[in-house]
Amino acid sequence: MQGMALVGCGSAVPAASVTNQQLSARVDTNDDWIRSRTGIGARRIAGPLESLTTLATRAAQAALDHAGWRAEDLDLILLATSSPDDLFGTAPRVQGALGASRAVAFDLTAACSGFLFSLITAAQYLGSGSMRRALVIGADQLSRWVDWDDRRTCVLFGDGAAAVAVEACPAAETGLLGFRMRSDGSRNACLTLAQTDGHELLLDGITAQCGGFAPIQMNGQEVYKFAVREVPAILADLLEGTGTAAAELDWLLLHQANQRILDAVADRFAVPHSRVLSNLAHYGNTSAATIPLMLDEAVRDGRVRPGHLLASSGFGAGLSWGAALLRWGGPEP
Ligand code: ACO
């Protein structure tokens with residue numbers, strides 16, 4: 001079994017930023033409530049000339065450039081998203097836009113766990129020796145699926161895309177030192193973006209369902225309790241299984257949903273808050289994009305350096321959650 005090196009990253013966000021203050025003109029909320037409960041100060045919202053495809057393609061091209069690769073070098077493009085431009089798959093649009101003619105491209109849906117699940121999936125193809133170079137993209141445009149009159153959810157989410165370039169390498173040099181993945185569909189109702197119930201009488205005695213999705217529904221308190229219980233548990237299991245002490249970690253790279261969740265996880269492992277990466281204040285929860293978006297920012301500003309050890313965890317709808325122990329192997333910024 002080969003290893004997988006993380007050798008480049010890139011990101012793209014919509015041009016428009018909406019502050020909490022601005023949002024309070026649309027829905028009954030305020031900056032103080034949102035900041036104190038979540039740490040979120042603003043979020044990016046995709047406009048009419050932007051799309052999941054354009055954001056994901058820009059992020060993917062930036063990751064290719066960072067790794068020093070050509071699009072034709074790619075064997076695989078995995079796009080983690082819950083908000084595709086096309087339910088048949090958006091990854092092939094990205095593949096076409098990049099000109100990655102040799103790459104197979106497909107979507108993977110696991111909400112906010114989608115990027116980590118995709119990274120782990122890519123590792124299986126690279127590890128088996130069947131593929132050599134892959135791009136793993138996390139991208140979401142949940143602004144088109146929130147109810148902008150529901151203050152309990154609309155303040156939380158934003159749009160964005162980010163990508164990581166990964167390459168097969170000798171097992172001893174792997175950047176994926178261990179992982180865990182979990183699902184619990186019995187708690188699915190806590191957080192959904194579900195098919196609506198519409199139907200039409202097609203023929204006498206034959207009724208067909210109509211396509212369409214209802215806006216995001218969330219039981220915030222249940223999701224919060226789930227996160228602060230399961231994320232420390234899965235990280236503890238991962239660290240124990242890989243023989244890693246929390247003190248060895250350079251960074252905690254967690255799904256960016258709520259600053260209080262980040263702080264609770266850090267406290268559980270006695271990791272100083274200064275070693276917990278957070279960009280919630282600028283982007284809110286960009287779902288599958290949060291982890292690579294945060295990674296790209298920290299690589300580009302020099303916080304995450306080659307050889308650094310990161311414990312990462314994604315969690316969200318499904319319910320789904322996962323964790324990975326990563327060593328960054330990209331070039332200097
Ligand atoms: N502005 C002002 N007041 C608000 C707002 C708002 N935006 N939203 C809710 N409130 C009010 C409520 O109406 C309620 O008022 P009431 O007491 O008069 O009824 C009060 O604030 C408290 O509401 P709660 O829902 O109990 O607030 P809570 O402290 O639980 O915080 C929050 C809500 C921030 C959503 C929190 O529960 C949370 O972060 N949960 C986790 C959510 C999460 O991580 N989701 C993403 C998962 S990732 C994925 O897969 C997409």
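User: At what angle do the axes of helix α3 and helix α4 cross?

Analyst: This is a predicted model, so local features need pLDDT of at least 70 and side-chain atom pairs count only at 80 or more, while totals for chains, interfaces and linings use all residues. Residues are numbered from 1 along each chain as its sequence is written, and side-chain values use heavy atoms, with hydrogens and water left out. Helices (H or I, at least four residues) and strands (E, at least two) are DSSP runs numbered from the N terminus; axes are lines fitted to C-alpha atoms, for helices over the stretch in contact, with angles from 0 to 180 degrees between N-to-C directions. The axes of α3 (residues 52-67) and α4 (residues 91-98) come within 9 Å, and they cross at roughly 55 degrees.

User: Which word describes how α3 and α4 lie to each other?

Analyst: Under 35 degrees counts as roughly parallel, over 145 as roughly antiparallel, 65 to 115 as roughly perpendicular, and the rest as oblique. The angle here is roughly 55 degrees. That is why the word for α3 and α4 is oblique.

User: Which residues of α4 meet α3?

Analyst: Contact means heavy atoms within 4.5 Å. On the α3 side you've got T53, A56, T57, A60, Q61 and L64. Their partners in α4 are R93, V94, A97 and L98.

User: Which residue in the turn between β10 and β11 has a positive phi?

Analyst: β10 (residues 199-203) and β11 (residues 206-209) run antiparallel, joined by 4 bridges. They form a hairpin with 2 residues between them. The one with a positive phi of about 85 degrees is G205.

User: How many of the residues of α10 are buried?

Analyst: Buried means under 20% relative accessible area, exposed over 50%, and partly exposed in between (1.4 Å probe, protein chains only). Among the buried ones are I291, L293, L295 and D296. Helix α10 (residues 290-300) is mostly covered, and the count of buried residues is 9 of its 11.

Conventions. Two strands pair if DSSP finds at least two bridges between them.
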